[in-house]
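Here is a short briefing to read alongside the model. Have the viewer open and follow the topics in order.

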Amino acid sequence: MFLSREKVRPNCNAVKVEIDWDSRQKIMKLHSVAHIVYEVFVEICGKHRLIGANVSFDKARVDFEMDQNVNEFLPQIKEKVDEIIARDLEIKTYENENEPG
């Protein structure tokens, strides 16, 4: 986002916000893929406590509490995530995840 202060009316300060859509689109894609990674992780490794996550301009991260090293599962997780991404599915959002549609 780009912020700039400019006078909109006399004696009134306002902030003008312009969204950098290229950056925003990239963050949105990383956010979506973080959800995909989470679901694939749970499918392959089982349900583990989610202890953190972060989406930034150039990477996304999902942190789990797990007794064993996740490295042995990474190739399988990556393969499944890549398959899902390659399907180029439409992303839908719902106000209530329990009542989609």
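Two strands count as paired if DSSP finds at least two bridges between them. Helices (H or I, at least four residues) and strands (E, at least two) are DSSP runs, numbered from the N terminus. With that in hand, a hairpin joins β3 to β4 through four residues.

This is a predicted model, in which local features need pLDDT of at least 70 and side-chain atom pairs count only at pLDDT 80 or more, while totals for chains, interfaces and linings use all residues. Residues are numbered from 1 along each chain as its sequence is written, and side-chain values use heavy atoms, with hydrogens and water left out.

**Confidence and overall layout**

- The protein chain has a mean pLDDT of 85, where pLDDT is the predictor's confidence in each residue, from 0 to 100.
- A pLDDT of 70 or more is reached by 85% of the residues in the protein chain.
- Among the elements, helix α2 (residues 74-86) has the highest mean pLDDT, 96, and strand β1 (residues 2-9) the lowest, 54.
- The protein chain holds two helices and four strands, and their order along the sequence is β-β-α-β-β-α.

**Burial, contacts and surface**

- Of the 101 residues in the protein chain, 15% are buried; buried means under 20% relative accessible area, exposed over 50%, and partly exposed in between (1.4 Å probe, protein chains only).
- Taking the contacts (heavy atoms within 4.5 Å) with a separation of 6 or more, 43% are between residues 24 or more positions apart.
- The protein chain exposes about 8,700 Å², and carbon and sulfur atoms supply 50% of that area; accessible areas come from the Shrake-Rupley method with a 1.4 Å probe, and for residues only the protein chains shown count as cover.

**A nonpolar patch**

- Which residues form the nonpolar patch on the surface? They are V17, I19, W21 and M28, with about 380 Å² of accessible area together.
- Patches are made of residues with over 30% relative accessible area and no salt bridge, where like charges are joined within 9 Å and nonpolar side chains (Val, Leu, Ile, Met, Phe, Trp, Tyr) within 5 Å.
- M28 lies in helix α1 (residues 21-45) and counts as partly exposed because its relative accessibility is 35%.

**The β3-β4 pair**

- Strand β3 (residues 49-55) pairs with strand β4 (residues 60-65) in the antiparallel sense, over six bridges.
- N54 has R61 in β4 as its bridge partner, and V55 has A60 in β4 as its own.

**Salt bridges**

- The count comes to four salt bridges, each being a side-chain nitrogen of Lys or Arg within 4 Å of a carboxyl oxygen of Asp or Glu.
- E65 and R49 meet through their side chains in a salt bridge, at 3.1 Å from N to O.
- E65 is in strand β4 and R49 in strand β3, so this pair ties together parts that are 16 residues apart in sequence.
- E65 is partly exposed at 45% relative accessibility, whereas R49 is exposed at 51%.
- D63 forms a salt bridge with R61, and their closest N and O atoms are 2.9 Å apart.
- D63 is partly exposed at 23% relative accessibility, and R61 is partly exposed at 42%.
- K78 and D82 form a salt bridge between their side chains, at 2.6 Å from N to O.
- K78 and D82 are four residues apart in helix α2, so about one helical turn separates them.
- K78 is exposed at 52% relative accessibility, whereas D82 is partly exposed at 36%.

- Where is I85 placed? I85 is in helix α2.
- I85 counts as partly exposed because its relative accessible area is 44%.
- Leaving out residues up to four places away in sequence, I85 touches V33 and I36.
- I85 and V33 are 52 residues apart in sequence, and their C-alpha atoms are 8.1 Å apart in space.
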